[in-house]
Amino acid sequence: MLAGRMMDYPLTLTHFLDRARTYHARCEIVTQNPDRTLARATYADLHRRASKLAHALARLGVRAGDRVATLCWNHARHLELYLGVPALGAVVHTLNLRLHPNELSYIASHAEDKVIVVDRSLLPLFRKFAPQVRCIQRVLVIGDDGPVDGDGLDYEALLAPEPDDFDFPRLDERSAAMICYTSGTTGNPKGVVYSHRSIVLHTLVSCMHDALGFRESDVVLPVVPMFHAMAWGLPYAAVATGARIVLPGPHLDPASLLDLMARERVTFAAGVPTIWLGILALLDEHPKRWDLSSLRSTVIGGAAAPPSLIDGFLSRHGIEVTHAWGMTETNPLGTVARLRSSLGLDPAASLAARASQGFPVPLVDQRHVGPDDRPLPWDGESMGELEVRGPWVASSYLGGEGEDRFTKDGWFKTGDVVTIDAAGYMRITDRAKDVIKSGGEWISSVALENALMSHPAVLEAAVFAARHPIWGERPLAAVVLRQGKTVSKDELHAHLEPRFAKYWLPEDYLFLERIPRTSTGKFLKSKLREQFGDLLEKKASG
Ligand code: ADP
């Protein structure tokens, strides 16, 4: 062993918080209030308020490792909770306000939340699950319209008398900083515990130019909620780089977001495809209404972004879209669909690569395995379950649940069914639980959906499995049409026919007003299967 060594400097979020005050004190945090007025603060305020928060929580008896839950929209207070709670050594636990009260009571109890911070507008939701949650000792209410009733403490009143500076402890970088729960579409939701170290490393890599590519000069709009999957790490990336951050509050409809982007000269925005499909449709209708010339980068992930969406933004509005894949269990960034200059791809291959889920960012490894758990070839055709590993990939769930998701040789089983091509580009063909198995063959619902969504009359399409007396399962397509457009089943069939093998083509097309969604805006195919899964059996029996 050589004698010289490097310092053991802990990788903690406290460093980002201090840095924000030291080098980016004047950088702005903009919040859209519920009444649509804009509130402005700075990173110096962020440090000051995170310090006050740490004092207040310490006074309430919050100790290292205690869980502080949030039930909040995206706003500056949530950002100070993102930083102040972990810097104190406690753990911030973001509750997803779109979940059912029963799920929320399960999750809050499971995480043993001690304190909860609630937006006043969400108190009615909180009251629905609060009685079932015994562990919560303190309720802090954000919002300044009137006195707080019951046991709640007014968040502002609590922070007001506290000192502006806190002597933040030197933390172990492996200590817990945040807990997020998976959505529980398969069984109970499971807790994923992010450490300071995992978040810091995730932040550094996501800022890389070829990952999400953040700069100090950016104006970042996280449309993705801070109550889900750490808002893809965007809040931490903004604070670490000193980028201006714009938080939309509860107004997430396409017109409000476009207004905000144009008004605040947003350069970087990120969200799920549903949001972007709505934005693209509105931009197509009114191409001149909003000045989006500042927007240099948009990241779409969380569900498959159809190529027509990526191409539509670029070809019709000059807006660059980057497709990314991740999960709550991966902090969440895993892969990004960047082009590589060394591949020399032609335009068609470039669009195909940009519409894939991409290849892993540095420090993340990928492989896909067949039913016998053996790695499959990277030939762009073999379909298998994606497994990943890396320093910000979970190696267990809170409480040791779901052990079967972790392999003996140190990989996490994602539950996504994918192909990987020779250049390492990964393509999701399905989630394991949504796979359509027809006559023993797998059919990719995502490929069919993408093709359907490239039809000019189709706004959204979800393809799912219906039981079939002969083939076991066959694909059905649920389609939502664009306003004022019509199309027949035969026309849709003709649109797909040249692109797929015959057995892949949907058995039938259902025209729906809307496709059921999960709490995070993804198509809820289990609901479609529940509603329409027996349609073909019924038809067959006459
Ligand atoms: P849940 O959907 O269970 O709440 P997450 O929000 O963590 O969990 O979602 C992770 C899942 O979302 C992935 O396993 C994958 O199926 C899907 N997903 C994420 N990004 C993409 C993408 N770019 N393309 C297709 N699917 C994606």
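**Entry 1: Trp-232.** I looked up Trp-232 and found it at 12% relative accessibility, so it counts as buried (under 20% relative accessible area; over 50% would be exposed and in between partly exposed, with a 1.4 Å probe and protein chains only). Its phi is near 60°, a positive value in a residue other than glycine. Trp-232 sits in the loop between strand 10 and helix 8.

A note on what I am reading: this is a predicted model, where local features need pLDDT of at least 70 and side-chain atom pairs count only at pLDDT 80 or more, while totals for chains, interfaces and linings use all residues. Residues are numbered from 1 along each chain as its sequence is written, and side-chain values use heavy atoms, with hydrogens and water left out.

Helices (H or I, at least four residues) and strands (E, at least two) are DSSP runs, numbered from the N terminus.

**Entry 2: Met-230.** I then checked Met-230, found in the loop between strand 10 (219-222) and helix 8 (234-241). Met-230 is not a glycine, yet its phi is positive, about 55°. Its relative accessible area is 0%, so Met-230 is buried.

**Entry 3: a cis bond.** Which residues does the cis peptide bond join? I found Asn-331 and Pro-332, with omega about 5°. Pro-332 lies in the loop between strand 14 (321-326) and strand 15 (333-336).

**Entry 4: Ser-444.** Ser-444 is in the loop between strand 22 (441-443) and helix 13 (445-453), and it is buried at 3% relative accessible area. Leaving aside residues up to four places away in sequence, Ser-444 touches Thr-429, Asp-430 and Trp-504 (contact means heavy atoms within 4.5 Å). A polar atom of the Ser-444 side chain lies 3.1 Å from the backbone oxygen of Thr-429.

**Entry 5: helices 9 and 10.** Helix 9 (residues 254-263) and helix 10 (residues 273-285) pack at about 75°, their axes 9 Å apart. Axes here are lines fitted to C-alpha atoms, for helices over the stretch in contact, and angles run from 0 to 180 degrees between N-to-C directions. The two helices are therefore roughly perpendicular (65 to 115 degrees; under 35 is roughly parallel, over 145 roughly antiparallel and the rest oblique). Among the residues making the contact are Leu-257, Leu-258 and Met-261 of helix 9, and Trp-276, Gly-278 and Ile-279 of helix 10.

Terms used. Polar contact = N/O pair within 3.5 Å; in protein donor to acceptor, adjacent residues only side chain to side chain.
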